[in-house]
Amino acid sequence: MYVATKGGEAAIENSHALIAEERRGDPAVPELEAAQIREQLGGAVDRVMTEGSLYDPDLAALAIKQAQGDLVEAIFLLRAFRTTLPRFGASAPIDTGAMTIRRRISAAFKDLPGGQVLGPTYDYTHRLLDFTLAARGETPPVAPEEDATDAAMPRVADILGHEGLIEPETPPPGPEQPYDLTREPMQFPAGRDQRLQNLFRGDEGFLLALGYSTQRGYGRNHPFAGEIRMGTVQVEFTPEELGFPIALGEIEVTECQMVNQFKGAKGIAPQFTRGYGLAFGQAERKTMGMALVDRALRADELAEDRLHPPQDEEFVLSHSDNVEASGFVSHLKLPHYVDFQSELVMLRGMRASAEAMQKEAAE
Amino acid sequence: MSTLQPAGSGAQFHSIDGVYNFAYLDEQTKRMIRRALLKAVAIPGYQVPFGGREMPVAYGWGTGGMQVTASILGVDDVLKVIDQGADDTTNAVSIRRFFNRTAGVPVTEATTEATVIQTRHRIPEKTLREDQVIVYQVPMPEPLRKLEPRETETRKMHAFAEYGLMQVKLYEDISRHGEITTTYDYPVEVNARYMMAPSPIPKFDNPKMHAMPALQLFGAGREKRIYAIPPYTKVRSLDFNDYPFEPQQFEDPCALCDAKGVFLDEVILDDKGDHMFVCSDSDHCRDRRAEGHMGPRAREAAEKGYGADE
Amino acid sequence: MSDAPLLEAEGVSHTYAGGQVGCADVGFTLYPGEVLGIVGESGSGKSTLLSCLSGALPPSRGRVRFAVRGQGMQDVFKLSEPERRLLMRTDWGIVHQNPRDGLRMSVSAGGNVGERLMAVGARHYGDIRSEALDWLGRVEIDAERVDHLPRTFSGGMQQRTQIARILVSQPRLVFMDEPTGGLDVSVQARLLDLLRGLVRDLGVAAVVVTHDLAVVRLLSDRLMVMRQGRVVESGLTDQVLDDPQHPYSQLLVSSVLQA
């Protein structure tokens, strides 16, 4: 006998209890603390802060713990929290030229003012599993004192700019207040502020793949990693009541300036063009992918043929957000049986009339 | 089913968990959404872009409908949430719990008792009244999107009322299959001007949209669009003069309540192909059975001496 | 031919961003039912000119005016966007060199031809379909192919479907960009015959851009010869082709004869 599916409420509660149990895992193993995640899983924390668009390592660590390390889920948690926060206003633009540098490299110049600073990087590690990490209580070798980087570290793009070799980076004409992706719907064509905010929050894997495809010829733009710099910068804000900027604190960011093929025309001196990437924390892969895609999306502006997905603004910006993407893909799990029933009715009707026609033809 | 009492005390309710505002969204956001709603009502069928917020449920799971509901909900409202016509599907339960918890408003399963009905994929069978508002969850608000992927182009097509392309799609259906084969999310023309996606309701429900006494609001969270049909507005399902629009028809009545002319779900009973059709609108079905109506399966069960649905 | 002009170009010039001259100082008047041929080698500016004339590319200088129904001569680039888009699907038509640019490849031939009717409000399936069948017949496409997709058609058939798709709205002006380019010689001849018949029967005016003198000899009443963005000679087609005055026209005509 037919029993209608009921008890959605109880099922949901049971499901929540089950994930809580799963998350904890074997109780014999010590519970992971959010502080451990914050200190020891920095790569995950940085990604969740960037794509969750909230600079808060503690909350990001909590989200990672709550999501059992599922970073897209953790990003979603952080975003859903962020959206409830009041908005005070826009900070002054951060000055990455004044960054306290921990790492700074340029692939374009052998040496440059301030020098190359390798800093912490996996680039030259051999990717061999380190079994000493599996043993408990391992203490790392003492890292050499990092040089106090008092040396002036002008940005490579600024150095090129003095000679006029690279296009100037000037704020676009228009209102001083930048577009705010978290408050306004996307609009096309998008301004560069909208585009960069979207890419900043965009899925690292998506941007990496698109950036990679530009290198393989789908919107090629001949990039050089002009400069990648990582370190801390000050965030300043001017409260209306005060009328002068005050420092709110420091954040760690990674910035990538791609220097791309030059552009010129008869009578106009050729110049290198730029692609820009920025992310919270240490996130070189993300910023490089972002910079490649940013440059590819300038195809129209630079009068290049727009032939490939990375050059297509509506395609890239509409699909970069992993909270939106995973939501819409996963909604296929919701019941669709009304729509499916409608299709069944139609299909049965069409099959019946096709069979009738075949029968008629046979007679 | 009777009205459930609120979790908080309705009139004094201000926040839940000491953190969130009434109905979750802050008042500034609600005002922004209400402005978009007013614009949507003023231009029936026009998709108003709005600064949609992240909600604590996934995009595609009703965030647009929830933002609209949160913005119009007051302490005196009674909320009903359905998915696929039923109040007891998991997502409907989940959204109802959300508002019961964050707004403390009473919730109900009875269509007649509700002042706000949030729905996914159905319109209730009972005719809605002037004092009710129905809020649709919309996954893809742009009816032209399947034909034209570019937002910049579809916005122009709406602005200039260039809707020939949709007619071409219907033409292709007829030339290939002898009839229009769209069965849900069947495009409509609102107030003789804007082409609109009715959300993935079955085309069976399309006629209910026409001249409905209740206000109809549509929220698409991921796509950040709001649109509306004011009460008693003309809504026409697209068709050809010689191939008029036809809603689905079911041959059999509901197996449990004997209702005819309602939308039915097919329920598979065994792996031998035995199946029955029952009301998709669970509230409507329950009311009819309470009134003593009995469908073939229910009668069969009664004769054998056990209940049909428990 | 009536006395009132249909299309007027005055001093139409276009210079690209890099300083390269597309076309310079082109002027002419086209009357209803008249066919104007524009010939020149590639790079002569004839395609740039066609873009300016058909509203796709605003000229840097000069103006293009069209006799909009009920409004008299109007500057094409001063029309509002919806007005220009309306023109594009009613009174104007563009025959693209590559039929893929002018057809919806995933829509049946009948749907392609019927689109313009539906775009201006036709809502009777039977009427739309019989009109589509009639126009497919006029361009010599078998009625059995009405529900087939253009991608299953030969190049010549695609080109003819594209022409039917435009003519169904009974436009007053058709722009053709190398209409026979990319087709076999025998197919070209058949298409030209068909085009000539249709243009004459319908009294539609046309601007035909081509490098192929055979096309203009057959189709056009008047001819303009372009070189380096400028018109070097213009006149009646037979006159220009049989007795070219400008050295470049002479070269063009003689090289075709020798080839």
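**Figure 1. The area buried between chain B and chain A is about 4,700 Å².** Carbon and sulfur atoms give 59% of this area. In chain B, the residues that lose the most area to chain A are Glu54(B), Trp61(B) and Arg97(B), which together account for 13% of what that side buries. The model shown here and in the other views is predicted. The size of an interface is often expressed as the accessible area lost when the parts come together. Counted by contacts, 65 residues of chain B meet 46 residues of chain A.

**Figure 2. Salt bridges and polar contacts link chain B to chain A.** The rule finds 6 salt bridges across the interface of chain B and chain A. Arg97(B) forms a salt bridge with Glu13(A), in which the closest N and O atoms are 2.9 Å apart. Arg97(B) is also among the three residues of chain B that lose the most area to chain A. Polar contacts across the interface of chain B and chain A involve 22 residue pairs, both residues being at pLDDT 80 or more.

**Figure 3. Helices and strands of chain B contribute to the side that touches chain A.** Helix H3 (90–102), helix H4 (151–159), strand S12 (264–268) and strand S13 (275–279) of chain B each supply at least two residues of this side. The largest share, 5 residues, comes from H3(B). By residue class, the side of chain B that touches chain A divides into 29 nonpolar, 17 polar and 19 charged residues.

**Figure 4. Three strands of chain B form an open antiparallel sheet.** The strand order is S8-S7-S11 (chain B). Strand S8 (194–196) and strand S11 (235–237) of chain B are the edge strands, each pairing on one side only. Neighbouring strands of this sheet are turned by 30° against each other on average, direction ignored. Strand S7 (residues 188–190) of chain B pairs with S11(B) in the antiparallel sense over 3 bridges. Within this pairing, Val190(B) has Val235(B) in S11(B) as its bridge partner.

**Figure 5. Strands S1 and S2 of chain C form a hairpin.** Strand S1 (residues 7–15) and strand S2 (residues 21–30) of chain C pair in the antiparallel sense over 6 bridges. Val12(C) stands opposite Val26(C) in S2(C). There are 5 residues between S1(C) and S2(C), and Gly19(C) in the turn has a positive phi of about 95°.

**Figure 6. An open sheet of chain C contains 6 strands with mixed pairing.** The strands follow the order S6-S7-S8-S3-S9-S10 (chain C). At the edges lie strand S6 (92–95) and strand S10 (230–236) of chain C, each of which pairs on one side only. The twist averages 15° from one strand to the next. Strand S7 (residues 173–177) and strand S8 (residues 205–210) of chain C pair in the parallel sense over 5 bridges. In this pair, Met176(C) stands opposite Val208(C) in S8(C).

**Figure 7. Backbone details are shown at Pro189(A) and His121(B).** Most residues other than glycine have a negative phi, and most peptide bonds are trans. A cis peptide bond joins Phe188(A) and Pro189(A), with omega at about -5°. Pro189(A) is found in the loop between helix H6 (156–162) and helix H7 (192–201) of chain A. His121(B), although not a glycine, has a positive phi of about 75°. This residue, His121(B), is placed in the loop between strand S5 (116–120) and strand S6 (133–137) of chain B.

Conventions
Residues numbered from 1 in each chain as written. Chains lettered and ligands numbered in written order. Predicted model: local features only at pLDDT ≥ 70, side-chain atom pairs only at ≥ 80, totals over all residues. Heavy atoms only, no water. Contact = heavy atoms within 4.5 Å. Buried area = accessible area lost by both parts, 1.4 Å probe. Salt bridge = Lys/Arg side-chain N within 4 Å of Asp/Glu carboxyl O. Polar contact = N/O pair within 3.5 Å; in protein donor to acceptor, adjacent residues only side chain to side chain. Helix = DSSP H or I, 4+ residues; strand = E, 2+ residues; numbered from the N terminus. Nonpolar A, V, L, I, M, F, W, Y, C, P; charged D, E, K, R; others polar. Pairing = 2+ DSSP bridges. Axes fitted to C-alpha atoms, helices over the stretch in contact; angles between N-to-C directions.
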